[in-house]
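This report goes through selected features of a two-chain model. The structure is shown first.

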Amino acid sequence: MSKNAPACAPLRLHVPEPTGRPGQHTDFSYLHLSPAGEVRRPPVDAQPAAIGDLAFALVRVLDADGNAVGPWAPQITPERLRFGLRAMLQTRIFDARMLIAQRQKKISFYMQCLGEEAISVAHALALDEGDMCFPTYRQQGLLMARAVPLVDLICQLLSNQRDPLKGRQLPVLYSVRQAGFFTISGNLATQVVQAVGWAMASAIKGDTKIASAWIGDGSTAEADFHTALVFAHVYRAPVIINVVNNQWAISTFQAIAGGEGTTFAARGIGSGIASLRVDGNDFLAVYAASRWAAERARGNLGPTLIEWVTYRAGGHSTSDDPTKYRPADDWKNFPLGDPLARLKQHLISIGAWSEAEHQSVQKELEAEVSAALKEAESYGSLADGHVHSAASMFEDVYEDMPAHLRRQRQELGV
Amino acid sequence: MKTTPMTMIQALRSAMDVMLERDANVVVFGEDVGYFGGVFRCTEGLQKKYGTSRVFDTPISESGIVGVAVGMGAYGLRPVAEIQFADYVYPATDQIVSEAARLRYRSAGEFIAPLTLRMPCGGGIYGGQTHSQSPEAYFTHVCGLRTVMPSNPYDAKGLLIASIENNDPVIFLEPKRIYNGPFDGHHDKPVVPWSTHPQGEVPEGYYTVPLESAAVYRPGSELTVLTYGTMVFVAEAAARESGIDAEIIDLRSLWPLDLDTIVNSVKKTGRCAVVHEATRSSGFGAELTALVQEHCFYHLEAPIERVAGWDTPYPHAQEWAYFPGPARVAEGFKRAMEK
């Protein structure tokens, strides 16, 4: 050390830590919540630079009593809300049943979206037919809201002879083009740039469709996320970029992805993108913010980044045990609650739902999921070897099979 | 069809012009390709002719360029993106290797990535280690990709049109040293323009050169030479100067490739040399050597010879010591003729 250096303490590396570890009680004050109804709703043609405050606030509609309050309270019929509740319930029941199927070794791997159902379901309701979603592995609510046949999904999970993806993808990495659901990669963040490209293509062709991209808080650290923001802004692409901040990327707290002392919505501001931070467990807020962003996109007003604040209630996947790195009862203490319970409370409070109806719909959906599982199982599974043929492995690598792949297929003897 | 003398740059531009005209889903973009027309001028005038929504500049982000191309392809467009130098393509690796190459496979055909990624490659222009590389082996290793490298204006246009029309992702490598004329490795001799070469005579309209099809550039009886790009002309000079009657095969499509033309030639000559500018170890020549060994072993009179760039970064001041010029290639030919 130079003798001229001033006396000072040695440098220290800062490594962020969550405010709660196993056996502790998480201090969720780091979330900086706004009271329901308090955050302003700017017009859809607002300049991104003029609404920077919204990236640090939290748009909320449902108050603690289940009332829809404030300027973001959306125009939506009770019928649509009932449909939304049903789709959320279906998502949760489906997840729970598939989790059991994985434990029973019927499927090799599963990822649930417990606690995050409102984000994908309400967002799907805010989009139009033909819009394309570029999801991660935790947006199965999009598929439920778009009424994709459960048997098809379960066949993918079972990797059986009716798996639409021919056994090539891990369970949950669906592709359902006709439902506007892009093939899930498994590599992270790549889909966000692709969504921007899809949206650019729609604009190039003078189409009216928009794209919606999904990414978790953890993978916003990937360069592709930042690249996507640049391209989306440069070409004013008709795209919505959804950052699902569920606080955890496997065992990594969102502060390690760069969320400490700032927000993920704030990432959009420096890029010149309109950015909102929204209560992701508030069905009405999700719907309202999604509509606002979709209107912007469809009106040639440019992209919107939305950070959905939520909590990953379950493990990352069936290979993960979250009690090893966070308090086991964390979700119960999460201040934004359970999205399903909150919408249910609202619907009951406006007289559009009842406990009895809830029980009967739940039973009906459970039976539906069980029947779908039973039917899908009748088509076989990876476990019992009823999968697509080994010969099919060589198909779709190229549009037409080149000579070297034909030789390799012959070598395998199929 | 009426033909015109064209440089490789003009031929590539003509291919994009033809395809922009024929197919409303073709779009062209990349760094500096819009108003300016590209640092090598390949897209000059195209933005003016087809408008900014079909020919445009992009941010300096190769992962972004390829990523948006994948999304556009999924929508139904046919993107033709330029990577300014092949040396710059690495940030896009994830989008090429994990995404474009496997989109059809992983979605069982629901989504495809019919994109063409043009990129100038190779040395001989004092470009140093970031403007001279030949990265073909990184791509030929990836299932689902097509890798193409033309060696002359006629093939450049026909192969580019075939690549744009193809529904698989194509890595289209353009040897920049031969953009303006064939180069036989004698860097101290005057530059030869394409107008003096028969392959510089190019049809003005639409035509294709099929993919997965090699060309016998120079028929011969004593030695089969497997090569592509600039090295086609270096190999020709080496054959002339060594007096060896080499059959020079210009692979054109590196992968998937035309194995029949290779095998038929080696079975005829009984000897084989593989020549490329890229570094030697684990280079594409290793695959070619293995294929010849697997398919022609009992016809071989001698070990297969490899001549390639040294396993060093591409140097700036030592360019001609690095570049496998005609003398080094001829030495390889002679070794292949021994025994």
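**Conventions**

The model is predicted: local features need pLDDT of at least 70, side-chain atom pairs count only at pLDDT 80 or more, and totals for chains, interfaces and linings use all residues. Residues are numbered from 1 along each chain as its sequence is written, chains are lettered from A and ligands numbered from 1 in the order in which they are written, and side-chain values use heavy atoms, with hydrogens and water left out.

Helices (H or I, at least four residues) and strands (E, at least two) are DSSP runs, numbered from the N terminus. The expected span of a helix is 1.5 Å times one less than its number of residues. Helix 8 of chain B has 12 residues (231-242) and should therefore span 16 Å at 1.5 Å a residue; its end C-alpha atoms are 16 Å apart, in agreement. Gly243(B) follows helix 8 of chain B and has a positive phi, near 75 degrees.

Burial is judged by relative accessible area: buried is under 20%, exposed is over 50%, and partly exposed is in between (1.4 Å probe, protein chains only). The buried residues in helix 8 of chain B are Met231(B), Val232(B), Phe233(B), Val234(B), Ala235(B), Ala237(B), Ala238(B) and Ala239(B). Taking contact as heavy atoms within 4.5 Å, these buried residues pack against strand 9 (215-218), strand 10 (223-227), strand 11 (246-250), strand 13 (272-279) and helix 12 (326-337) of chain B.

Strand 11 of chain B is mostly covered, with 5 of its 5 residues buried. In a regular strand the side chains alternate between the two faces of the sheet. Here Ala246(B), Ile248(B) and Asp250(B) are buried on one side, and Glu247(B) and Ile249(B) are buried on the other.

Two strands pair if DSSP finds at least two bridges between them. Strand 11 of chain B pairs with strand 9 of chain B in the antiparallel sense over 3 bridges, and Val216(B) has Ile249(B) as its bridge partner. Strand 10 of chain B runs parallel to strand 11 of chain B, with 5 bridges joining them; Thr227(B) has Asp250(B) as its bridge partner. Strand 10, helix 8 and strand 11 of chain B make a right-handed β-α-β unit. A crossover is right-handed if, with the strands pointing away from the viewer, the path from the first strand over the helix to the second runs clockwise.

**Other parts of chain B**

Helix 3 of chain B (residues 62-75) has 14 of its 14 residues buried and is followed by Gly76(B), whose phi is positive, near 130 degrees. Thr116(B) lies in strand 5 (residues 116-121) of chain B and counts as buried at 0% relative accessibility. Leaving out residues up to four places away in sequence, Thr116(B) touches residues including Pro79(B), Leu160(B), Val170(B) and Phe172(B).

**Interface**

Buried area is the accessible area (1.4 Å probe) that two parts lose on being put together, summed over both. Chain B and chain A bury about 3,700 Å² between them, 59% of it on carbon and sulfur atoms. Tyr75(B), Tyr105(B) and Arg106(B) supply 22% of the area that chain B buries against chain A, more than any other three residues. The contact takes 46 residues from chain B and 43 residues from chain A.

**Salt bridges**

A salt bridge is a side-chain nitrogen of Lys or Arg within 4 Å of a carboxyl oxygen of Asp or Glu. The structure holds 38 salt bridges over all chains, whereas the rule finds 0 across the interface of chain B and chain A.

| Pair | N to O distance |
|---|---|
| Arg86(A) and Glu364(A) | 2.7 Å |
| Arg92(A) and Asp338(A) | 2.9 Å |
| Lys268(B) and Glu247(B) | 2.6 Å |

Lys268(B) lies in helix 9 (residues 259-269) of chain B and Glu247(B) in strand 11 of chain B, so their pair ties together parts that are 21 residues apart in sequence. Glu247(B) counts as buried at 6% relative accessibility. Salt bridges that share partners also join Arg60(A), Asp279(A), Asp282(A) and Arg342(A) into one network.
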